[in-house]
Amino acid sequence: MSNNNTAAIEREKRHMGLKASARISNTIIYILLVVISIIWLIPFVCIVLQSFRMESTGRVGYVIPQVWGLGNYRKLFDPSTNFLRWYLNTFIIALVVAVVQTVIVLCMSYTLSRFRFKMRKPLMQFMLILGMFPGMLAMIILYRVLDDLHLTGQYGNAVPGLILVYVASSGMGYYVSKGFFDTIPKTLDEAARVDGANRAQVLYKIILPLAKPIVIYTILTAFMGPWGDFVFARYVSQVIPQAMNVAVGLQSWLATDTMVHDNYTLFCAGGVVVAVPVAILFMCLQRYYVEGVTGGAVKG
């Protein structure tokens with residue numbers, strides 16, 4: 001009897017030791033995550049605070065404003081700043097690209113997931129390898145093509161030119177969506193085909209309702225790419241005010257000699273206006289974003 005009690009006591013001690021060890025490790029992890037989050041958020045907090053500073057519009061050596069106000073935001077929406085034009089350009093580009101790219105990616109992913117045809121795997125491997133090369137390598141030739149088509153800033157057509165470039169290689173972003181489609185049983189396709197549905201009806205009425213997370217993930221990624229692009233957008237717009245997107249426009253304020261005196265707090269206000277709507281959208285759809293990433297991370 002005493003042996004059983006001793007064994008029970010030993011098990012209880014081990015159990016308590018494991019619980020204490022897990023509690024300590026979790027505490028350390030939480031503290032580390034909090035510290036990392038604070039470090040990550042400091043620049044954003046500084047930008048938000050500076051956007052409300054009214055005593056000076058240039059750079060200063062302190063973070064918390066001495067005089068608070070909304071003057072920078074009011075000035076931001078003044079027609080003379082061109083901010084609304086830049087914002088509209090960016091929104092149009094991102095919206096069109098999100099719609100077109102999502103359609104192309106989902107159709108390509110469904111095709112590669114469900115159809116079996118000659119050269120299917122070599123095609124997938126070729127697109128995967130080709131996507132590893134940075135897009136900057138093709139910037140010069142892409143600009144020459146857009147210039148020949150009169151789709152650059154000097155012709156006032158930078159917006160359709162950027163849309164064309166962003167959607168041109170959409171099909172190569174198939175791999176995450178295809179992995180998600182691979183997890184959906186093919187018996188659903190076969191049952192729908194038996195009932196008389198064609199391939200398009202199977203995709204839009206059967207597969208996509210079950211693939212809501214990956215659809216939202218694809219829309220978000222397609223929208224965020226053009227929204228935050230700077231390098232290629234600046235190259236195509238040629239820093240012509242009416243052709244710039246919001247990233248290029250805000251950077252143009254910092255690139256002038258008047259930054260210290262006039263535009264720094266205005267730049268901070270513009271950054272907040274650009275970031276807040278996208279951050280809210282992302283937080284609202286974060287659950288679907290995570291499900292889309294994890295659901296598509298399968299080998300197939």
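What volume does the second largest pocket have? It comes to about 610 Å³, in a model that is predicted, where local features need pLDDT of at least 70, side-chain atom pairs count only at pLDDT 80 or more, and totals for chains, interfaces and linings use all residues. Residues are numbered from 1 along each chain as its sequence is written, and side-chain values use heavy atoms, with hydrogens and water left out.

A pocket here is an open set of points on a 1 Å grid over the protein atoms alone, where a 1.4 Å probe fits and protein lies on both sides within 12 Å along at least five of seven lines; lining residues have an atom within 4 Å of a point. Volume is the space filled by probe spheres set on the points, which are joined across faces, edges and corners.

Around the second largest pocket sit 22 lining residues, with Phe44, Gly271, Ala275, Val276 and Ala279 nearest its centre. Two or more residues each come from α1 (2-51), α10, α12 (246-254) and α13 (259-284), helices being DSSP runs of H or I with at least four residues, numbered from the N terminus. The top contributor is α13, with nine residues. By class, this lining has 19 nonpolar, three polar and no charged residues (nonpolar: Ala, Val, Leu, Ile, Met, Phe, Trp, Tyr, Cys and Pro; charged: Asp, Glu, Lys and Arg; polar: the others, Gly among them).

As for the largest pocket, it holds about 1,100 Å³ of space. Its lining counts 38 residues, and Val165, Tyr166, Ser169, Ser170 and Met172 are the closest to the centre. Here α10 gives the most, with six residues. The lining splits into 27 nonpolar, ten polar and one charged.
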